[in-house]
Amino acid sequence: MLGVLGTALGGTSFTEVDSPILVNNSVHSTLVSKANQTKGSVRKSLKFRKNNHKPRLLITGGSGFMGGILALEAPKHWDTYATHRSSPPRYGDSAQWIPLDVSNREMVEKTLSLIEPEVIIHAAAVTDSRICERNPDTAWAINVNGTEHVADAAKKIGARLIYTSTDMVFGRPGEFRAEKDPPAPMTTYADTKYRAERIVSSLAPGFIIARICLSYCYSSNSARCFTEKIIDDLAKGVPTRLFVDEYRTPVYARDVCRILLEFAWRDDLSGLFHVGGPERLSRYEFGLKVCRIFGYCEDLLIPASLDEAVFEYHRPRDCSLNSEKLVRELHFEPLDVEQGLADMKTPRKC
Ligand SMILES: NC(=O)c1ccc[n+]([C@@H]2O[C@H](COP(=O)([O-])OP(=O)(O)OC[C@H]3O[C@@H](n4cnc5c(N)ncnc54)[C@H](OP(=O)(O)O)[C@@H]3O)[C@@H](O)[C@H]2O)c1
């Protein structure tokens with residue numbers, strides 16, 4: 001338990017300490033899994049144990065929804081660099097902000113060799129399925145080539161790469177897919193993310209691929225997640241149509257960030273991990289929980305079916321993931337949706 005606390009007090013270095021991310025997590029301490037409580041912490045950081053410094057982390061896509069939360073959390077334990085492209089950098093927090101276009105190989109190489117991070121969390125991507133469908137070349141240049149540039153440059157400087165992928169790689173019907181199940185991407189977005197997974201697994205030694213499910217939390221920047229849009233509408237009394245037949249395993253974004261940071265610390269882990277919440281819910285069921293926790297009127301939610309809707313891209317009906325491997329190997333169980341929404345609602349100083 002000394003971890004970073006010990007270092008901050010002038011005590012031990014990282015020698016002989018466990019990862020601080022999940023161990024010293026006071027907000028979460030009452031909610032950690034039984035596995036975590038009973039097995040105790042056995043995590044070890046191999047690479048950083050002998051170093052008496054904060055290891056250096058680079059977050060690509062720091063100006064995005066997930067990257068923004070990561071860039072707030074990471075500096076507690078990491079010397080943190082975060083990238084932005086079209087969005088402005090966020091001044092005033094402890095991460096150092098740098099511009100980066102991952103589709104530019106030379107820029108990626110120069111940036112990585114200048115910063116020399118020990119770990120890179122690659123969260124830069126075009127994530128809007130409609131934009132990817134309309135601009136497949138751009139989606140490919142950023143999601144596939146951009147990831148290749150990052151993976152190549154990471155290999156050259158010996159940095160570990162943590163790649164953020166998506167549950168959307170499962171485009172065909174099916175429930176609670178595990179890591180061994182074969183993906184079937186059905187959209188340009190999913191296809192580019194899956195291609196990038198394969199590049200990462202072939203290029204980046206010690207890589208982690210985190211296939212993340214639909215994530216919810218308040219954003220720390222101008223990015224807006226699905227849940228914030230629902231809350232905005234409900235707060236204004238605007239009726240909201242939600243699908244009763246589109247299933248996900250929603251995961252609290254602050255949990256996702258804790259997990260990604262734990263992966264960053266744990267160089268004894270590698271490979272593919274599903275990162276989802278414990279419940280399989282339709283968007284409508286999720287909306288009902290939002291109403292319950294935030295105190296909005298459920299009558300504002302209008303049940304709708306995917307069969308009645310027209311999209312210019314394929315919407316997978318069920319991208320629910322089985323995340324048992326994550327719970328088993330990380331000893332961390334993401335919150336269920338009501339716990340996550342309750343934590344989201346809790347005012348906090350960021
Ligand atoms: N949020 C979710 O529910 C969810 C679910 C599954 C998987 N994921 C994965 O998690 C990662 C982060 O998602 P997110 O929701 O945070 O996405 P997001 O809010 O759309 O943010 C995307 C980020 O990528 C950056 N970016 C776009 N093009 C770039 C380029 N050419 N070079 C460098 N940076 C570029 C954006 O920078 P600017 O804004 O500055 O241009 C932004 O910081 C993605 O890999 C996504 O596939 C997210």
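Modeller: Let us begin with burial. A residue is buried if 20 or more other C-beta atoms lie within 10 Å of its own, exposed if 12 or fewer, and partly exposed in between, with C-beta atoms placed from the backbone. Buried residues make up 46% of the chain's 350 residues. Please note that this is a predicted model, in which local features need pLDDT of at least 70 and side-chain atom pairs count only at pLDDT 80 or more, while totals for chains, interfaces and linings use all residues. Residues are numbered from 1 along each chain as its sequence is written.

Biologist: How many helices and strands does the chain have?

Modeller: Both are DSSP runs numbered from the N terminus: helices (H or I) need at least four residues, and strands (E) at least two. The chain has 13 helices and 13 strands.

Biologist: How should I read the pairing of strands, and with which strands does β1 pair?

Modeller: Two strands pair if DSSP finds at least two bridges between them. Strand β1 (56-60) runs parallel to β2 (residues 79-84), with four bridges, and L57 has T80 of β2 as its bridge partner. Four bridges also link β1 to β4 in the parallel sense, where L58 stands opposite I120. Strand β4 is in turn joined to β5 by four parallel bridges, and H122 is partnered there by Y163 of β5.

Biologist: What can be said of the two faces of β4?

Modeller: In a regular strand the side chains alternate between the two faces of the sheet. In β4, V119 and I121 lie on one side and I120 and H122 on the other; all are buried, and both faces are covered. As for β1, four of its five residues are buried, so the strand is largely enclosed by the rest of the structure.

Biologist: How does one judge the length of a helix, for instance that of α7?

Modeller: The expected span is 1.5 Å times one less than the number of residues. Helix α7 has 22 residues and reaches 30 Å from its first C-alpha to its last, close to the 32 Å expected. A bend at a residue is the angle between axes fitted to the seven residues ending there and the seven starting there; α7 has a kink of about 30 degrees centred on N145. After α7 comes G158, with a positive phi near 75 degrees.

Biologist: Against which elements do the buried residues of α7 pack?

Modeller: Contact requires C-beta atoms, placed from the backbone, within 7 Å. The buried residues of α7, among them A139, I142 and N143, pack against β1, α5, β4, α6, β5 and α8.

Biologist: Why does E109 count as partly exposed?

Modeller: E109 counts as partly exposed because it has 16 C-beta neighbours inside 10 Å. This residue is in helix α5. By contrast, 13 of the 13 residues of α10 are buried, so that helix is largely enclosed by the rest of the structure.

Terms used. Contact = placed C-beta atoms within 7 Å.
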